[in-house]
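Try each one with the model in view, then check the worked solution.

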Amino acid sequence: MEQAVTWGAIILVALIISAYIVAIRPAVVSYKLEREARDLATTLATEITFVARAYESGVLSQVAVVEAPESPNKYYEVHVDENRSVVEVWVVAETLTGEIRVKAEAPFYSSINVTSPPKLYSGKIFIVLTYDEGTDSYLIKVANIVAQLPTAGG
């Protein structure tokens, strides 16, 4: 009888631990990732709007830098949808049970074109007001520099 109770307790503990790993923990991680995605999307949209407003006020050169937290098991994908004036951010994280992917959006305002590659990863994200000689107009570029910049003399 004691062995049955002991084995029953062991099985119950194993079920609780497996439920935590399979269901509860991913839900908590997903919630945290959604918050991170929303924060980054809002920050990027705010900076794009700030640079656009600076241009409207007469500024001809402006750079804003947003830091996306770096992590070995998590990265960010960023897409600026100019047609809808929305910044879309996906946070992708690797967990024990697989990949978790969440998305957030934030609207921005810009009276000039905003261009961006479809994906940006962790690190510094630059929002740059620049002049495009090809179209003879100003635009805002969103860029991510992944590699380290070369130093003078090295």
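## Exercises with solutions

E88 stands opposite E105 in strand 4. Keep that pair in mind; it comes back in Exercise 2. One thing before you start: this is a predicted model.

**Exercise 1. Work out the order of helix and strands along the protein chain.**

Step 1: Count the elements. The protein chain has one helix and seven strands.

Step 2: The pattern reads α-β-β-β-β-β-β-β, with helix 1 covering residues 2–56.

Step 3: Look at how the chain folds back on itself. Take the contacts with a separation of 6 or more: residues 24 or more positions apart account for 58% of them.

**Exercise 2. Describe the open sheet of three strands.**

Step 1: Find the order. It is 2-3-4, and the pairing is antiparallel.

Step 2: Find the edges. Strand 2 and strand 4 (98–107) each have a single partner strand, so one side of each has no neighbour in the sheet.

Step 3: Check the angle. On average, neighbouring strands here are turned by 15° against each other, direction ignored.

Step 4: Zoom in on one pairing. Strand 3 and strand 4 run antiparallel and are joined by ten bridges. Now go back to the opening pair: E88 faces E105 of strand 4.

**Exercise 3. Sort the residues of strand 1 (residues 62–68) into a covered face and an uncovered one.**

Step 1: List the covered face: Q62, A64, V66 and A68.

Step 2: List the uncovered face: V63, V65 and E67.

Step 3: Link this to Exercise 3. E67, on the uncovered face, is the residue bridged to K124 in strand 6.

**Exercise 4. Which residues form a nonpolar patch on the surface, and is W7 buried or exposed?**

Step 1: Find the members. The patch is made of W7, I10, I11 and L15, with about 440 Å² of accessible area together.

Step 2: Decide on W7. Its relative accessible area is 54%, and exposed means over 50%, so W7 is exposed.

Step 3: Step back to the whole chain. Of its 154 residues, 33% count as buried. The chain exposes about 9800 Å², and carbon and sulfur atoms supply 59% of that.

**Exercise 5. Where do S85 and D136 sit, and what is the phi of S85 and of D136?**

Step 1: Locate S85. This residue is in the loop between strand 2 (74–81) and strand 3 (86–95).

Step 2: Locate D136. Its loop runs between strand 6 (123–132) and strand 7 (137–144).

Step 3: Read the angles. Phi of S85 is near 55°, a positive value in a non-glycine residue. D136, not a glycine either, has a positive phi of about 55°.

Step 4: S85 is partly exposed at 25% relative accessible area, whereas D136 is exposed at 56%.

Terms used: Residues are numbered from 1 along each chain as its sequence is written. This is a predicted model: local features need pLDDT of at least 70, side-chain atom pairs count only at pLDDT 80 or more; totals for chains, interfaces and linings use all residues. Side-chain values use heavy atoms; hydrogens and water are left out. Helices (H or I, at least four residues) and strands (E, at least two) are DSSP runs, numbered from the N terminus. Buried means under 20% relative accessible area, exposed over 50%, partly exposed in between (1.4 Å probe, protein chains only). Contact means heavy atoms within 4.5 Å. Accessible areas come from the Shrake-Rupley method with a 1.4 Å probe; for residues, only the protein chains shown count as cover. Patches are made of residues with over 30% relative accessible area and no salt bridge: like charges are joined within 9 Å, nonpolar side chains (Val, Leu, Ile, Met, Phe, Trp, Tyr) within 5 Å. A salt bridge is a side-chain nitrogen of Lys or Arg within 4 Å of a carboxyl oxygen of Asp or Glu. Two strands pair if DSSP finds at least two bridges between them. Axes are lines fitted to C-alpha atoms, for helices over the stretch in contact, and angles run from 0 to 180 degrees between N-to-C directions.
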